[in-house]
Amino acid sequence: MKLLLPFLAQRMIAGLITLGGTFSLLFVAVRLVPGDLATILLGTRATPELRAVYAARMGLDEPFWMQFWLFFKNLLSGDFGTDIVTGRPILDLILEVLPNTLALAFAAMFIAVMLSTALGCLAALRPGSKLDTVLGGASVAFISTPAFVVAILLLISFSVQLKWLPVSGAGTPGDMASRISHLILPAVALSIGWIGYLARLLRGSLLEVLSEQHVQLMRAYGVPEPRIVGRFALRLALVPTVSVLGIGIGDMISNAVFVEIIFARPGIGTLVFNALQDRNYPVVQAAVMLTASIYVLASLGVDLVNALLDPRVARGLSEA
Amino acid sequence: MTPNLNRRAVLALGSSALGVSLLGLKPAFALGADGSLVIRSDADIAVLDPANRLIAFEDTIIQACSQSLARFKPNSTEWEPDAAKSVQWVSDTEITFELNPGQMFHGGYGEMTAEDVKFSFERFLPDAAGNKPVFADDWAALDHVEVTGTYTGRILLKNPAPAVWTLAISDVSGAILSKKAVTELGDAIKTRLIGTGPYMLTEWLPNDRIVLAANPDYAGSDKPAFPVITVKPIQEAQTALLAFQAGELDFTAVDAAAKDQVAAVEGAKLLEQEGIGFTWIGMNAAKAPLDDLRVRQAIRLGIDMDAIIAGAYAGNTGRANALLAPTLLGYWADAPVYQRDVAAAQALLAEAGQTSIALSLTCLNDATSLAVAQIVQALLSEIGVTLTINALDAGSYWGLSGTDAVKGLDLSLIPFSAKLDPSFNTQWFTAAMIGIWNWQNWSSPEFDTLHTEAASITDEAARAAKYIRMQQILDESATCVWVTHGRALFAHSAAITPALQTASVWQLRYFAPAKA
């Protein structure tokens, strides 16, 4: 605990710097993109007067430094503003769809961890065998196949041909069975790449742990292999895997946009994508800010889990 | 080590299978046992206020949930009374109406009266500060509405404006809202629609679903055919096609390339709808060398429009020869059908002192626009014009409007949607629109005069003649090479009969189960 607190403090400061940098970059980047909301939404109906009205409502008539200041000031006070298109609070728009994206990302991560652990263990227990070769090939195939290709294949197989699972939407609110049935295919599509990657990672680290002297000693004492792997080796081998899960959550939230569009699933991805297409900057900024915060928090959580699994992580950092 | 299929494993597998079956993972068909209908829109709705609506699909929802004085008949541009018992022109600047009694607004907001009509129409006028709603132009000629009785009134115009009938009275800008509801709900009417139409908006989950339920109090004779209509916003055409193939949708627009796949679905039908929009290649007449009429004529002769229709549209649309589509007033049936003539094009360029020209073609970055651009690029290279394609995303492309960049354009591939009144479609080619939506930067005093005159005369034959003359002037200018009016393709369940006002506005109130 003595080492853990300074470690966490350091990670939190790093997280805040990351967030500050992300927001600044985002603020500048969205304003460099040509086009304005009124023209995109209203087309030929967008008179110069209407364009000016829409720009003013988004605060774009203020000087750049003032827009930047107001952005951070409102951010710190938790005021995300009102969407000028629908007139609804932006926070409401985000909170309506955020659970869908989080459910998708965590379900995909759950699937990826469960399957990759099983595949990684199977491959590591028989290195060089036909099974290992097949699983290695499958992992590479999983990693190299884009999520949208997997999504289309899954839809054709399980929705169009077999009619087992629905194609589009997030399911009926309050109906758990409907929600889960709408989650399965998108989560599998999103997880595929990570299944292959984590399985390869786990196989490598497990083989390394299994070759260490303390494991040889356990074998010499006659400890059963499943117990060695399940109880001792896997725990150590998981450390590098857990390290990448933080990145994994961020990656899944960002990749969710493709899956959400293909499965016509409401979520943060589609919200940001549509808002960006419409040049609806306040919605883009608020949504990206929230997802970046989630990413930083997930990374923090992973660092904490890592430090608990292997105290050398915290020690190493505080000694550095 | 081999997998150990013990009792525990068997139980785990069995319970998983049971769980999966309990989740209801079974085939789903859109037309439910309760007769509900599921359709797809390619974008979600955002604003349901008729004066400030944003996308075409909002028109579809507003028309399903509200009434106007008149409405278009199913699959037709002919009108018939809707909320009105009678509505008629009594002079060039006056329309009288009498409402049917007993038309009740959704949500307990009472009966529709002439006061609601006055309120709904006068909302389009500028406020005290001069601010106008988005669709103010539809009612630009309105002076005021005079209430003469509970159900009767007079619509008084500032000047003769026949377009008011098609753009406002019979269309979405003529939707009659509850004055009481709008006053009470304020900004919330953007997402709550209180009308008297055959359907009521009962649920809207953004980007997920829009649910319309039949209005039990609907007073019209055309009772809603479905108890519930669910709209699923699905952006991707491929996803929509898969959802249709899986039986999740009863009606959706599909890409022309999907024709065969739809035909292979059991119980599916295809519906083709000719468009009224216009896509054209515009030439900037204010910039050298395109300021020379002969250069523009040469480019027009260098383009093989039939090759573009076959190559970029796979032959799934018709060729346009003028601005106005065949179904619109003022259609120019005798418009010249230009055929490619490389020798004539080269001769014109030589006459203009141009043998090698480098130009740019600005277009949207969708697959069809890019294909058109590439074909034009290849064709024009044969007459000595080197074309650079400048493909932009929708935001950047439409954002050119009103900027200095418009002055620097050479050729532009421009797709515009259209309205049923020709005046809406000719306005983009007037001098007032130069630099805004007139990217040809071309103007003609005669064209502008005819535009103004045609918009204010009620004699249809005389109007049509003026619009034809305007298209002749455009043709003489050689600033526009017309590509297509578009053709939309829809896939639908054979169990239903859809109805469309245009390719982008669907008449949900007339959707019905197919007759045996």
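Predicted model: local features only at pLDDT ≥ 70, side-chain atom pairs only at ≥ 80, totals over all residues.
**View 1. Cavities found in the whole structure.** A search of the whole structure identifies five cavities of 30 Å³ or more.

**View 2. Centre of the largest cavity.** The lining of the largest cavity consists of 19 residues. Those closest to the cavity centre are Gln63(B), Ser68(B), Arg71(B), Asp82(B) and Arg509(B). Sorted by class, the lining comprises eight nonpolar, seven polar and four charged residues.

**View 3. Secondary-structure elements at the largest cavity.** In chain B, helix 2 (56–65) and strand 2 (70–72) each contribute at least two residues to the lining of the largest cavity. Strand 2 of chain B provides the largest share of this lining, namely three residues.

**View 4. Lining of the second largest cavity.** The residues that line the second largest cavity include Arg300(B), Ile303(B), Met305(B), Arg319(B), Ala320(B) and Asn321(B). Also in this lining are Pro336(B), Tyr338(B) and Asp475(B). By class, eight nonpolar, one polar and three charged residues make up the lining of the second largest cavity.

**View 5. Strand 17 at the second largest cavity.** Strand 17 of chain B, spanning residues 480–484, gives the most to the lining of the second largest cavity, with three residues. Cys480(B), Val481(B) and Trp482(B) are among the residues that line this cavity.

Notes. Residues numbered from 1 in each chain as written. Chains lettered and ligands numbered in written order. Heavy atoms only, no water. 1 Å grid on protein atoms, 1.4 Å probe; cavity = no way out; pocket = protein on both sides within 12 Å on 5 of 7 lines; lining within 4 Å. Points joined across faces, edges and corners; volume = space filled by probe spheres on them. Helix = DSSP H or I, 4+ residues; strand = E, 2+ residues; numbered from the N terminus. Nonpolar A, V, L, I, M, F, W, Y, C, P; charged D, E, K, R; others polar.
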